[in-house]
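Trainee: Before we start, I would like each label set against its definition. Can we go through it that way?

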Amino acid sequence: MTTSDPFQHDDAAYVLGALSEPEHEAFEAHLVTCAACTLRVNTLTAVPKLLADITAGDLAKPAAESEPDTLLPGLLRRAASARRRQRWLVTGLGGLAAACLIALAVTVWPSAPASDRPHPQAMTALTASPVQATAALIDHKWGTQIDLDCYATSYAGSARVTYSLQLIDRHGTAHELGTWTLEPGGETTFTSGTALPRDQISSLQITRANGTTILHLST
Amino acid sequence: MNAAVVGQRDADLLRALHDQHAHALWSYIGGLTGGDRGRAQDVVQETLLRAWRNPAVLEQAGGSGRSWLFTVARRIVIDQWRSASRRPELVTNQVPEQTVEDTAQHRVDRQLVLAALRTLSIEHRQVLLECYFRGASVAEAAKTLGVPPGTIKSRTHYALHALRQAIDEMGGVT
């Protein structure tokens with residue numbers, strides 16, 4: 001065990017440049033022989049750079065005031081309304097989503113009659129993935145508008161992953177509607193469109209850059 | 001009343017998330033919303049809602065999951081800036097028109113470091129003020145603060161390591 005290395009607390013003063021000239025030299029000579037101190041210094045070398053934009057005045061400022069009392073009640077209210085929306089969505093999808101398995105991905109699903117109030121439908125996961133999405137199809141004279149809301153629900157490292165939204169028409173041809181990247185906890189919403197009327201659209205799918213389809217929605 | 005609407009289990013989870021993280025998030029986000037308390041509250045609530053929708057992420061993220069929460073909060077703020085910059089009428093002097101991305105990233109990094117500094121004890125902040133911001137040597141800081149040089153060394157040691165750890169826990173800076 002390390003019993004009192006006389007240099008063990010010199011790491012911070014060293015990276016801050018606060019050691020005197022002789023101390024500085026002695027510590028550098030010590031670093032050559034001491035892995036523990038070298039490791040401690042390495043842990044700290046980036047810190048002074050992070051402080052570069054902070055001023056002494058910032059540091060002297062009092063801690064932030066505490067959060068308002070309205071925060072928690074508002075949070076509960078928003079959660080309640082999210083729950084209501086979720087129930088509505090589940091009811092709206094009915095058994096269709098449950099039945100919408102991979103086997104049906106290629107099936108041409110008869111389109112429901114265009115409703116006046118299109119609502120987002122949750123896309124069905126085809127594989128384990130941290131990404132979820134809802135899509136809404138809206139009829140227009142010019143074609144069909146597609147609103148997508150896609151978010152990464154779980155912490156899966158720090159990598160940004162590229163996804164693409166594909167539309168499959170009645171003939172089985174894929175059309176790319178857009179690409180985007182997501183990082184853990186990230187969310188993307190965008191609107192795209194196609195000249196195809198709704199009844200010419202068979203399904204929507206989200207694929208990873210490597211071509212794996214992760215989410216699917218029969219329209 | 002609200003509890004009845006979301007159900008007891010949800011209300012308990014939300015309350016726990018709030019009690020554990022709301023203060024730290026508020027302290028961070030407060031500095032990013034230019035004193036707009038309404039907007040800060042909105043961002044903190046949205047962040048906690050996402051955690052509530054996906055409680056597994058907090059477990060997966062290890063520890064308190066604070067790093068995940070800070071990352072989510074940061075994204076929400078940057079996205080708001082980005083959409084504000086696309087709507088010129090909403091652009092305030094908070095966000096210069098050019099290099100919104102860089103500026104945004106720069107500001108969130110700065111606020112994260114500030115939030116991390118606020119978690120340090122008075123003694124630790126004092127010693128950083130002397131040895132970093134005022135550029136004092138160990139000997140000078142010892143004189144100013146009236147403690148032995150060895151104490152200055154050990155305080156800077158614990159202060160910088162604590163700061164480093166706090167920054168990491170908040171998701172680090174880019």
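Trainee: What is the bridge partner of A:Gln121 in S3(A)?

Mentor: In S3(A), A:Gln121 has A:Ala135 as its bridge partner. This is a predicted model, where local features need pLDDT of at least 70 and side-chain atom pairs count only at pLDDT 80 or more, while totals for chains, interfaces and linings use all residues. Residues are numbered from 1 along each chain as its sequence is written, chains are lettered from A and ligands numbered from 1 in the order in which they are written, and side-chain values use heavy atoms, with hydrogens and water left out.

Trainee: Why do S1 and S7 of chain A stand at the edges?

Mentor: The open sheet has four strands in the order S1-S3-S4-S7 (chain A), with antiparallel pairing. S1 (121-122) and S7 (187-194) of chain A each have a single partner strand, so one side of each lacks a neighbour in the sheet.

Trainee: Why is A:Ser192 called buried?

Mentor: Buried means under 20% relative accessible area, with exposed over 50% and partly exposed in between (1.4 Å probe, protein chains only). A:Ser192 has 12%, so the word buried applies. This residue lies in strand S7 of chain A.

Trainee: Which residues does A:Ser192 touch?

Mentor: Contact means heavy atoms within 4.5 Å. Leaving out residues up to four places away in sequence, A:Ser192 touches A:Thr144, A:Gln145, A:Ile146, A:Leu165 and A:Leu177. The C-alpha atoms of A:Ser192 and A:Gln145 are 6.0 Å apart, although 47 residues separate the two along the chain.

Trainee: What makes A:Glu23 and B:Lys153 a salt bridge?

Mentor: The term requires a side-chain nitrogen of Lys or Arg within 4 Å of a carboxyl oxygen of Asp or Glu. For A:Glu23 and B:Lys153 the closest N and O atoms are 2.9 Å apart, and the pair forms a salt bridge. Between chain A and chain B the count is four salt bridges.

Trainee: How many residues does each chain give to the contact?

Mentor: Chain A gives 57 residues and chain B gives 59 residues.

How values were computed:
Two strands pair if DSSP finds at least two bridges between them. Helices (H or I, at least four residues) and strands (E, at least two) are DSSP runs, numbered from the N terminus.
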